[in-house]
Amino acid sequence: MDQHVASPTQATVGAVDRAGAVRQDLVRNDWTRAEVRALFDLPFPELIFHAQRIHRQHFDPREVQISTLLSIKTGGCPEDCAYCPQSAHYEAGVKAEKLMDADAVIAEARAAKSAGASRFCMGAAWRNPKDRDLEQVCAMVEGVKALGLETCATLGMLTAAQAQRLKESGLDYYNHNLDTSPEFYGEIITTRTYRDRLDTLDHVRAAGINVCCGGIVGMGESREDRVGMIVALATLPAHPESVPINMLVQVAGTPLATGQAFDAIEFVRTIAVARIAMPASVVRLSAGREEMSEETQALCFVAGANSIFYGPKLLTTPNPGRDRDRVLMDKLGLTAME
């Protein structure tokens, strides 16, 4: 090759450098699809190198936050999210249950803290909470907060007034994922719009609650859709403080129950690109770990993931047991984030 002609690898790295992905002034909200696409296209060692360097500028690479997610109201959701066994549209073997009692939730949170969790998340299968139910959730938030745990809730769409009420209860984070790119979204969900999701995020942010917002990969989307999802997240007015990246868990009875398993290296790439595009956010290695090898999870930590969920379930889907996670963290020399 002529020494004056840049190779494809050199050209891509140059584009990434010009995009600011490897400079010190890293937090930016003006990412373009071309810039994020260039990150995905980097040779894997280059991408991991950039992601790890950026991760170290904002976090201790040895620390992983331990979280626990409890389903406080399971099943019967009127939404038609194609991945979700809690949807009333599908026969996935998940029975609709009533909202848990606050004392029972607080007892679960106390057990989670004893097991090493510093963050406790509460999820309810609602399109949007009724105000009377929200008051019960607020009592749970207050009780969990009193234990010294970071609190998070995911309850569906919120009004501005509901977000404010959750803030008054002491809620630290509200989770409301974008799930995928705007273009692919309609293939997965028809009962609420992308704009609906953005409106809830606006209400949460305006109330002064930290935003937890990410997505799911492996739903049949293209890489361009993964690019679009990262761009949608990284160009919000403020980056989500928490970015969960989920690998689809295929559940019998849902429309996405079958299909080819998602490529592990592409999943790690998605983690790395999220880390670079949102350098100060906690990137959460979320659903799908039950099917991941130790090696895949290790690569995710190297790529910038710094949170996992402890416990046998994530809402209704399997999750690695605590003992298994402790063994992996010990192997990797990782410690629980305070």
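Reply: A salt bridge here is a side-chain nitrogen of Lys or Arg within 4 Å of a carboxyl oxygen of Asp or Glu. This is a predicted model, so local features need pLDDT of at least 70 and side-chain atom pairs count only at pLDDT 80 or more, while totals for chains, interfaces and linings use all residues. Residues are numbered from 1 along each chain as its sequence is written, and side-chain values use heavy atoms, with hydrogens and water left out.

Me: How many salt bridges does the structure hold?
Reply: The criterion is the 4 Å limit between nitrogen and carboxyl oxygen. By that criterion, the number of salt bridges in the structure is 22.

Me: Which residue meets the side chain of glutamate 150 in a salt bridge, and how many residues apart in sequence are the parts that the pair ties together?
Reply: The partner of glutamate 150 is arginine 119, at 2.7 Å from N to O. Helices (H or I, at least four residues) and strands (E, at least two) are DSSP runs, numbered from the N terminus. Glutamate 150 lies in strand β3 (residues 150-154) and arginine 119 in strand β2 (residues 119-124), so the parts tied together are apart in sequence by 31 residues.

Me: Is arginine 119 buried or exposed?
Reply: Buried means under 20% relative accessible area, exposed over 50%, and partly exposed in between (1.4 Å probe, protein chains only). Glutamate 150 has 23% relative accessibility and therefore counts as partly exposed. Arginine 119 has a relative accessible area of 1%, so it is buried.

Me: Where does aspartate 172 lie, the salt-bridge partner of lysine 145?
Reply: The side chains of lysine 145 and aspartate 172 meet at 2.5 Å, N to O. This pair links distant parts of the chain, 27 residues apart, with lysine 145 in helix α5 (residues 131-146) and aspartate 172 in the loop between α6 (160-169) and β4 (173-175).

Me: Which residues are linked with Asp41 in a network of salt bridges?
Reply: Salt bridges can also join into a network in this model. The residues linked with Asp41 are Glu221, Arg223, Arg226 and Glu266.

Me: How many residues of strand β7 are buried?
Reply: In a regular strand the side chains alternate between the two faces of the sheet. In β7 (residues 242-247), Ser242, Pro244 and Asn246 are buried on one side, and Val243, Ile245 and Met247 are buried on the other. The number of buried residues in the strand is six of six.

Me: Which residue in β8 is the bridge partner of valine 243?
Reply: Two strands pair if DSSP finds at least two bridges between them. Strand β8 (residues 282-285) runs parallel to β7, and four bridges join them. The partner of valine 243 is valine 283.

Me: Which helix does the chain cross through from β7 to β8?
Reply: A crossover is right-handed if, with the strands pointing away from the viewer, the path from the first strand over the helix to the second runs clockwise. The β-α-β crossover from β7 to β8 is right-handed. Its helix, residues 264-277, is α9.

Me: How many disulfides are there?
Reply: A disulfide is a pair of cysteine sulfur atoms within 2.5 Å. The sulfur of cysteine 121 has its closest cysteine sulfur in cysteine 152, and because the distance is 4.3 Å it is too far for a bond. For cysteine 212 the closest cysteine sulfur is also in cysteine 152, at 4.7 Å, again too far for a bond. The count of disulfides is zero.
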